[in-house]
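Trainee: I have a model open and want to learn how to read it. Please take me through it one feature at a time.

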Amino acid sequence: MTRAPEAHDADFRAFATGRWPRLLRTAYLLTGHHHDAEDLVQVALVKAYARWHRVAQASDPDAYVWRILINAHRDRIRGLRVFEWLTVRFPERSERDRTEQVLDREVLARALQRLPPRQRAAVVLRYIEDRTETEVAALLAVRIGTVRSRAARGLQKLRADPAVRELRAPAGEQEVTDRAGAAQRSGVR
């Protein structure tokens, strides 16, 4: 028995509305641009809608759509012919939240954008989306060991990033470190 198109549309609409924020957040962390992220999510949802009968019957519809999103991102990366300089700043002026948490997120988002795409995907899915290594391996179509090595290398690069290191050090500790470094440079002990 087939379902009416209206029920099909209503099911998909409820699914897309409920998953939009998480899909958009993941896409933003993968692409680095808000507009590219919206485009990527829309492409993924269009593909999911075209195959909605399969998605709805899948054992895990979320994983099915996340896989579509990852594949669409991979296709997007392959199609790039010109290097893009990723930035978190938009030409439009907007009200900015001045809390430290927002600033820390911005620093981390910039640091994530400096990672290679495969390492970024592993770190975002594993630690920001809080997925298991098995789930990440299935989504990226790689082995678990590959996920571990990409995530480890990505985390190593993030830890080595000077901006991220400043986030990790408390204010007083940073000041002591700065004075010690200045004393070493001047030859004073």
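Mentor: Start with one residue. Arg76 counts as partly exposed, at 22% relative accessibility. The scale is simple: buried is under 20% relative accessible area, exposed is over 50%, and partly exposed lies in between (1.4 Å probe, protein chains only). Keep in mind that this is a predicted model, where local features need pLDDT of at least 70, side-chain atom pairs count only at pLDDT 80 or more, and totals for chains, interfaces and linings use all residues. Residues are numbered from 1 along each chain as its sequence is written, and side-chain values use heavy atoms, with hydrogens and water left out.

Trainee: How many helices and strands does the protein have?

Mentor: Ten helices and zero strands. Both are DSSP runs, numbered from the N terminus: helices are H or I, at least four residues, and strands are E, at least two. Along the sequence the pattern reads α-α-α-α-α-α-α-α-α-α.

Trainee: What share of the 189 residues is buried?

Mentor: Buried residues make up 31% of the 189. Take helix H6 as a case: its buried residues are Gln119, Arg120, Ala121, Ala122, Val123, Val124 and Leu125. Helix H5 (residues 100–113) holds Glu106. With a relative accessible area of 14%, Glu106 is buried too.

Trainee: Back to Arg76. Which side chain does Arg76 meet in a salt bridge?

Mentor: First the idea. Side chains of opposite charge can pair when their charged atoms come close. The cut-off for a salt bridge is a side-chain nitrogen of Lys or Arg within 4 Å of a carboxyl oxygen of Asp or Glu. Here Arg76 pairs with Asp36, at 3.2 Å from N to O. This pair links distant parts of the chain: Asp36 sits in helix H2 (residues 34–50), Arg76 in helix H4 (residues 61–79), and they are 40 residues apart. Asp36 is also partly exposed, at 22% relative accessibility.

Trainee: How many salt bridges does a search of the whole structure find?

Mentor: Seven. One of the pairs is Asp161 with Arg114, where the closest N and O atoms are 2.7 Å apart. Again, distant parts of the chain are linked: Asp161 is in the loop between H8 and helix H9 (162–168), Arg114 is in the loop between H5 and helix H6 (117–128), and 47 residues separate them. Asp161 is buried, with a relative accessible area of 11%.

Trainee: Which residues are linked in a network of salt bridges?

Mentor: Arg22, Arg25 and Glu129.

Trainee: Next, helix pairs. At what angle do the axes of H7 and H8 cross?

Mentor: Two packed helices are described by the angle between their axes and the distance between the axes. Axes are lines fitted to C-alpha atoms, for helices over the stretch in contact, and angles run from 0 to 180 degrees between N-to-C directions. The axes of helix H7 (residues 133–140) and helix H8 (residues 144–160) cross at roughly 100° and come within 8 Å. The two helices are therefore roughly perpendicular. The classes are: under 35 degrees roughly parallel, over 145 roughly antiparallel, 65 to 115 roughly perpendicular, the rest oblique.

Trainee: Which residues of H7 and H8 make the contact?

Mentor: H7 brings Glu133, Thr134, Val136 and Ala137, and H8 brings Ile144, Val147 and Arg148. They divide into four nonpolar, one polar and two charged. Nonpolar covers Ala, Val, Leu, Ile, Met, Phe, Trp, Tyr, Cys and Pro; charged covers Asp, Glu, Lys and Arg; the others, Gly among them, are polar.

Trainee: How far apart are the closest N and O atoms of Arg148 and Glu133?

Mentor: They are 2.9 Å apart, in a salt bridge. Arg148 lies in H8 and Glu133 in H7, so the pair ties together parts 15 residues apart in sequence. Arg148 is partly exposed at 48% relative accessibility, and Glu133 is partly exposed at 23%.

Notes. Contact means heavy atoms within 4.5 Å.
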